[in-house]
Amino acid sequence: MNVELIALTKRYGTMLAVDAIDLKIPSGAYCCLLGPSGCGKTTTLRMIGGHEAVSSGEVVIGPRAVGDAPPSARGTAMMFQSYALFPHLNCRDNVAFSLRMRGVAKAERRAKAGAMLDLVQMGHLADRLPAQLSGGQQQRVALARALVTGPKVLLLDEPLSALDPFLRVRMRVELKRIQAELGLTFIHVTHSQEEAMALSDRVVVMNGGRIEQAGDPRTVFERPASAFVARFIGGHNVITLPKGTVAVRADRMRLGPEAGSDAVPARVVAVEYQGASVQVALESEALAKSGGLTAVIDDAVFAGRPLVPGEVVALGWDAAAAHRLDA
């Protein structure tokens with residue numbers, strides 16, 4: 001089901017948390033709201049789900065504006081950051097709880113709960129209590145509980161933040177699989193650029209209660225709309241030149257003989273080995289207004305011409321690699 005936000009605003013007293021944002025999310029999309037803490041992304045998610053009152057503007061889900069409709073009447077379900085499983089109920093009964101509250105017969109709700117647990121590959125642990133599960137397993141049960149009511153839109157508030165890095169990657173794959181299998185609209189809040197790029201087909205970068213840029217991940221990464229987006233997405237240098245500001249991907253920076261005729265001298269500040277690549281931190285008096293700069297070099301190239309902190313090296317980039325940023 002499609003979701004549209006029209007001049008959506010949230011105020012807490014004199015503080016403006018979400019500032020008249022407009023956004024269209026197509027039905028069946030995996031959309032990530034991405035941004036730093038306090039940018040308004042979770043507040044936006046909660047307003048979509050009816051867990052936060054709207055100060056002004058509209059939330060439209062499917063064909064109708066939901067206005068003051070309660071969460072249960074919106075066709076949405078929320079998966080919270082804290083999984084909030086009932087400790088005294090086993091997995092099956094945790095998943096079936098909302099159906100029980102709706103008066104669904106015991107046999108039917110147990111069957112639906114079992115099917116959802118199978119979907120998230122937890123059917124074999126249906127009789128276990130939450131305390132007997134790992135963090136990743138608890139996350140799967142919470143996901144099954146959110147899906148069991150048959151929502152058209154699933155809202156996820158930083159669902160992977162409590163997991164270790166290895167489990168986080170595994171669960172990204174599972175979330176994408178389940179979303180594709182069910183064909184639902186997923187709206188996922190995260191502060192992780194990697195997570196947003198890996199999961200979504202639509203990234204919405206927020207800052208200060210506003211939307212800085214919305215688009216597919218490749219467009220947002222290749223053509224950031226502002227210096228904020230370029231810096232927050234990462235992997236870019238924001239470089240101030242006499243004729244404006246440009247973003248250049250760190251892996252498109254050139255060092256040494258490859259730097260080109262317009263190269264400037266730069267001093268190596270630090271070298272960080274990252275396996276397949278080496279990250280070189282630099283500073284240049286000629287580009288002092290740009291602050292620190294980074295070049296990402298292929299490991300094999302770096303091994304053939306290693307650099308050490310304190311060394312001065314020519315720094316440049318291809319003109320085609322520079323993306324001009326809005327003022």
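Student: Is Phe232 buried or exposed?
Tutor: This is a predicted model, and in it Phe232 has a relative accessible area of 14%. Buried means under 20%, so Phe232 counts as buried. Phe228, at 23% relative accessibility, is partly exposed.

Student: Where do Phe228 and Phe232 lie?
Tutor: Both sit in helix 8 (residues 227-233), four residues apart, which is about one turn of the helix.

Student: How many aromatic pairs are found in the whole structure?
Tutor: The search finds three. One of them joins Tyr30 and Phe186, and that pair is tilted, with 5.3 Å between centres and 50° between the planes. Here the partners come from distant parts of the chain, 156 residues apart: Tyr30 belongs to strand 3 (residues 30-34) and Phe186 to strand 8 (residues 185-190). Tyr30 and Phe186 are both buried.

Student: What describes two packed helices?
Tutor: The general idea is to give the angle between the axes and the distance between them. For helix 2 (residues 91-101) and helix 3 (residues 106-119), the axes come within 8 Å and cross at roughly 125°. Helix 2 and helix 3 are therefore oblique to each other, and the crossing is right-handed.

Student: Which residues make the contact?
Tutor: Among them are Val95, Ala96 and Leu99 of helix 2, with Ala113, Met116 and Leu117 of helix 3. Charged residues take part as well, including Arg92 and Asp93 of helix 2 and Lys112 of helix 3. The contact residues divide into seven nonpolar, six charged and no polar.

Key. Residues numbered from 1 in each chain as written. Predicted model: local features only at pLDDT ≥ 70, side-chain atom pairs only at ≥ 80, totals over all residues. Heavy atoms only, no water. Phe/Tyr/Trp six-rings, centres within 6.5 Å; stacked < 30°, edge-to-face > 60°. Helix = DSSP H or I, 4+ residues; strand = E, 2+ residues; numbered from the N terminus. Buried < 20%, exposed > 50% of the residue type's maximum accessible area, 1.4 Å probe, protein only. Axes fitted to C-alpha atoms, helices over the stretch in contact; angles between N-to-C directions. Parallel < 35°, antiparallel > 145°, perpendicular 65-115°, else oblique. Left-handed = near helix turned anticlockwise from the far one by under 90°. Contact = heavy atoms within 4.5 Å.
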